[in-house]
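Subject: Structure for your review

Hello,

Here is the structure I said I would pass on. My notes on what turned up follow below it.

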There are 2 protein chains.
Amino acid sequence: MPDDIGNELPHALNVLWGRAKPKGRGRTPALSLERIVAAAITLADEEGLAALSMARLAERLGCAPMSLYRHVTGKDDLQLFMLAAAPGTPPEFGTAPADWRGSLTRWAVELFGVYLRHPWIAQLANSPPMDPGQLAWLDAALRSLGGTPLDPRARFSVVMLVLHYVRGAAQLLTSIPAEPEEGADRAYAALLTELADPDRFPALARAVEAGVFDPQAGAAPDDDFRAGLDHLLDGVGVAIERAAGA
Amino acid sequence: MPDDIGNELPHALNVLWGRAKPKGRGRTPALSLERIVAAAITLADEEGLAALSMARLAERLGCAPMSLYRHVTGKDDLQLFMLAAAPGTPPEFGTAPADWRGSLTRWAVELFGVYLRHPWIAQLANSPPMDPGQLAWLDAALRSLGGTPLDPRARFSVVMLVLHYVRGAAQLLTSIPAEPEEGADRAYAALLTELADPDRFPALARAVEAGVFDPQAGAAPDDDFRAGLDHLLDGVGVAIERAAGA
DNA sequence: TACGCATTGCGTATATGATACGCATTGAGC
DNA sequence: GCTCAATGCGTATCATATACGCAATGCGTA
């Protein structure tokens, strides 16, 4: 790993990959990158990404806005750090687990939980993962397929498929307020009932009528997620059997 | 369809669903909602979502920034209009096409094209679709499954699965600059080669080594997309056969 | 034909936010 | 105790969204 890695890379990546300079003497830092990132994550979790401003973050940390810039080159940089830190560590399993489906399911469910806890991740992640945090998750997912006969390209394709599904499902779920809030908009289901004109949107109208959008009685909120995931993994199973037969 | 539909809804939705008031006399409008939305879409396409500001939009339209607010209540409103207009109309097929797989594939490929032409859609769409434009796409996808034995809930689940995949794949593709641009960062593949330490990320290192991230010689850019889509539809096929057998 | 007013266009002002720049502060090592 | 590097932060600037109200304008009507 040569040390000229990121001459043109965002500052955050250089730090995350351990190329921080060993600063010695000087004033004792009252702030630290870890504290800043942790506070930023908490703020985004509690009040949404739109509420995350340098000023409000500084307020929470009890420091002046400009103090943050000693640890972070800018807001983009901060957001990269947040993306790397928030997901935590992926589930552990060996290099070639016997039960690929169980492993990958666990991975997906845990990642789903991450997205639900930090909905802003989905709004932020526009660039491909390049930090150690996200690459660890990616590696874990690839490892879950280590015991299958799939070739590397197919494995990656499967992992991306699962990743996109997890992300999309979480984003959809967090964007729909579960209950008709006191003040604002009625429930999504009720709205669709009014808007889905059977002449204009026949299939949609039938779905609404069948109660697809009504909250399921006694169902866990991630039941729909699990059902879709199972469809998806059925397809992966087909590909695996095909590769095994070939 | 009662006319008190959207007392608490965003202004854009009321307009889109045809509840615009029949204004009569007055000064002849030099601006129109259509022109504003079209210009906003062009701007976002050409310079990215970040470059879309009311001031820059007004500049392009040759009007003062505040003039826009006569047609749109705010920037959020404008973005709703953009989301409704940009996708255009979905592919046409009957209520119960015989070839569900062909229909759904066509739908997915066309939607993929929409996302590639307008990458900002993926960054914007945080709320569930409620405008006629997006509901038309949703309806078309549901119709593609009209001839299958899947129940309504399963159909919706499948459509969401495809939608999430299309969105995620397009977002990933547009976020990676194909070639190492002159100025900035090297290609993603080269970067991963340096960062994927085999001890820390064994599965990822193996994938990199196998050339998963290298551009395929003589392959269309959407080949990877089609491959993933086929995996996905295999899973749908399994579900359909299961439902047919039951 | 001329007038009145509804409706649009826009100038001004304000609030919020990101961040460049440079000075003040402080504490570890000499 | 002194020095100086590194931190904390005050001030200023620029971009942006948008409230508010006046000015411009042309249709319906007298």
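Gly237(B) comes out as partly exposed, because 16 other C-beta atoms lie within 10 Å, and a residue needs 20 or more to be buried. Please keep in mind that this is a predicted model. Gly237(B) sits in helix 11 of chain B. Its C-alpha atom is 37 Å from that of Ala187(B), a residue 50 places away along the chain.

In chain A, helix 11 covers residues 223-245, 23 residues in total. From first C-alpha to last it spans 33 Å, close to the 33 Å expected at 1.5 Å a residue. Its buried residues include Phe225(A), Leu229(A), Leu232(A), Val236(A) and Ile240(A). Within chain A, the buried residues of this helix pack against helix 5 (100-117) and helix 8 (152-175); from chain B, helix 8 (152-175) and helix 11 (223-245) also pack against them.

The contact between the chains takes 61 residues from chain B and 60 residues from chain A. On the chain B side, helix 7 (132-144), helix 8, helix 9 (188-195), helix 10 (202-209) and helix 11 each give two or more residues. Helix 8 of chain B gives the most, with 17 residues. By class, that side has 36 nonpolar, 13 polar and 12 charged residues.

The largest nonpolar core has 137 residues. Those touching the most other members are Ala40, Val162 and Val166, in chain A and in chain B. Beyond its neighbours within four places in sequence, Val166(B) is in contact with Ala108(B), Leu111(B), Phe112(B) and Tyr115(B).

Regards

Terms used:
Residues are numbered from 1 along each chain as its sequence is written. Chains are lettered from A and ligands numbered from 1 in the order in which they are written. This is a predicted model: local features need pLDDT of at least 70, side-chain atom pairs count only at pLDDT 80 or more; totals for chains, interfaces and linings use all residues. A nonpolar core is a set of buried Ala, Val, Leu, Ile, Met, Phe, Trp, Tyr and Cys residues joined through C-beta atoms within 7 Å. A residue is buried if 20 or more other C-beta atoms lie within 10 Å of its own, exposed if 12 or fewer, and partly exposed in between; C-beta atoms are placed from the backbone. Two residues are in contact if their C-beta atoms, placed from the backbone, lie within 7 Å. Helices (H or I, at least four residues) and strands (E, at least two) are DSSP runs, numbered from the N terminus. The expected span of a helix is 1.5 Å times one less than its number of residues. Ala, Val, Leu, Ile, Met, Phe, Trp, Tyr, Cys and Pro count as nonpolar, Asp, Glu, Lys and Arg as charged, and the others, Gly among them, as polar.
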